Amino acid sequence: MNHGVRLRKTLDGVPAYKPGKPAAPVEGLTAYKISSNENPYPPLPSVLQVVTEAAGSMNRYPDMAVTALTDALAERWEVPTSSIATGTGSVGVLAQLINITCDPGDEVVYAWRSFEAYPIVVALAGATSVQVPLTETAEHDLSAMAAAVTDRTRLILVCTPNNPTGPSVTGAALREFLAAVPSDILVVIDEAYLEFNTAEDAPDALAIYREFPNVAVLRTFSKAYGLAGLRVGYAVAHEDVATALRKAATPFGVSMLAERAAIASLAAYDELELRVKALVQERERVLAALREQGWAVPDTQANFVWLPLGDDSVDFASSCQAQGLTLRPFPGDGVRCTIGETEANDRLIEIAQEFRQLRKSAS
């Protein structure tokens, strides 16, 4: 007789999230982790000081309404405070978005491959993922996504720049897409890598949000702001959606340390932007070097590059691991390589060259 507790059958279809592995030590080499799209720079001294001071009060609950950060974001983006909803990283807010839109059996449309958390949070809600293949250039196929909408569709996710492949959608294409989507379906523009996007035709997501009542914008402090370990993200949405998101939030989810660090980071963005620009310069250098070697690397507007290695993805990741470089393989598809420290980027370029030559000689 089975005395085990009854768990939801839904869990059988939930894929496990695969976090980027930590850097593995290799004798004689500095090990680098370029598997999680983290900002390689340490916290700004001003932000670290604020967090250190806040730590003295961690015996107290944080402000459940995250009032100070909500006010700072509303002022920064010139939106009402009632349009801001915060959560534990953009993944936390993403789960809230699914919870406020989907009943079991409802559909969520998104490009694939895209952010690995999408199928997880959709499946946990008992909803159904509708994955629309990327184009040959690893971009969103927005017309195919519009065609995939049914009367069960409740949410559409547009990841731009797309994780893990890198390309951004254009503002014009996004507006055309929104005009084709029923106005009662929430469309989320996921901009986790917004600050790295230098494309001239990149969408102004907040302008689009103001134009379309069914649009929400999802952002995070994990990447450009370098607060990945503190877990704070937010959505800018119309008041009815933002109110629902606040209802669905984990109570006291955003810690006091995270809130204060985020406010300090907003205030220090001029300083942080110098780091972002340096990472973008490195991204362009790495992209050019890999293409010069002959790799078909798609355009990237994020802080990573994508190598579409197919069945060689795991072998390439193993070659990198053996040389103290940990990156993120997606078996049978490709590898995502975060732009990290200059030496890490140099090592990636060198290993890619060696791997390409070995593959040529083997064939």
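View 1. Helices (H or I, at least four residues) and strands (E, at least two) are DSSP runs, numbered from the N terminus. The UniProt record, an unreviewed entry, annotates residues 34-350 as "domain: Aminotransferase class I/classII large". UniProt positions are given in the numbering used here, feature names are shortened, and annotations may be inferred rather than shown by experiment. Please keep in mind that this is a predicted model, in which local features need pLDDT of at least 70 and side-chain atom pairs count only at pLDDT 80 or more, while totals for chains, interfaces and linings use all residues. Residues are numbered from 1 along each chain as its sequence is written, and side-chain values use heavy atoms, with hydrogens and water left out.

**View 2. Strand β5 and its neighbours.** Strand β5 (residues 153-159) is largely enclosed by the rest of the structure, because six of its seven residues are buried. Here buried means under 20% relative accessible area, exposed over 50%, and partly exposed in between (1.4 Å probe, protein chains only). Strand β3 (residues 107-112) runs parallel to β5 and is joined to it by four bridges; two strands pair if DSSP finds at least two bridges between them. Across this pairing, Tyr110 stands opposite Leu157 of β5. Strand β6 (residues 186-190) also pairs with β5 in the parallel sense, over five bridges, and Ile156 has Val187 of β6 as its bridge partner. With helix α6 (residues 171-180), β5 and β6 make a right-handed β-α-β unit. Right-handed means that, with the strands pointing away from the viewer, the path from the first strand over the helix to the second runs clockwise.

View 3. Cys159 is in no disulfide, and the nearest cysteine sulfur, that of Cys337, is 17 Å away. Cys159 counts as buried at 3% relative accessibility. For Cys337, the closest cysteine sulfur is in Cys320, at 6.5 Å, which is too far for a bond. Cys337 is buried too, with a relative accessible area of 0%.

**View 4. An open antiparallel sheet.** Three strands form this open sheet in the order β9-β12-β11, with antiparallel pairing. At the edges are β9 (304-307) and β11 (328-330), each pairing on one side only. From one strand to the next the twist averages 20 degrees, where axes are lines fitted to C-alpha atoms, for helices over the stretch in contact, and angles run from 0 to 180 degrees between N-to-C directions.

**View 5. Aromatic rings.** The structure holds 11 aromatic pairs. Rings of Phe, Tyr and Trp (its six-membered ring) pair if their centres lie within 6.5 Å; planes under 30 degrees apart count as stacked, over 60 as edge-to-face and the rest as tilted. Tyr110 and Trp112 form an edge-to-face pair, with ring centres 6.0 Å apart and planes at 70 degrees. Tyr110 is buried at 0% relative accessibility, whereas Trp112 is partly exposed at 22%. Trp295 and Phe316 are also edge-to-face, with centres 6.3 Å apart and planes at 65 degrees. Trp295 lies in the loop between α10 (269-293) and β9 and Phe316 in helix α11 (residues 313-322), so the pair ties together parts that are 21 residues apart in sequence.

Terms used
Disulfide = S-S within 2.5 Å.
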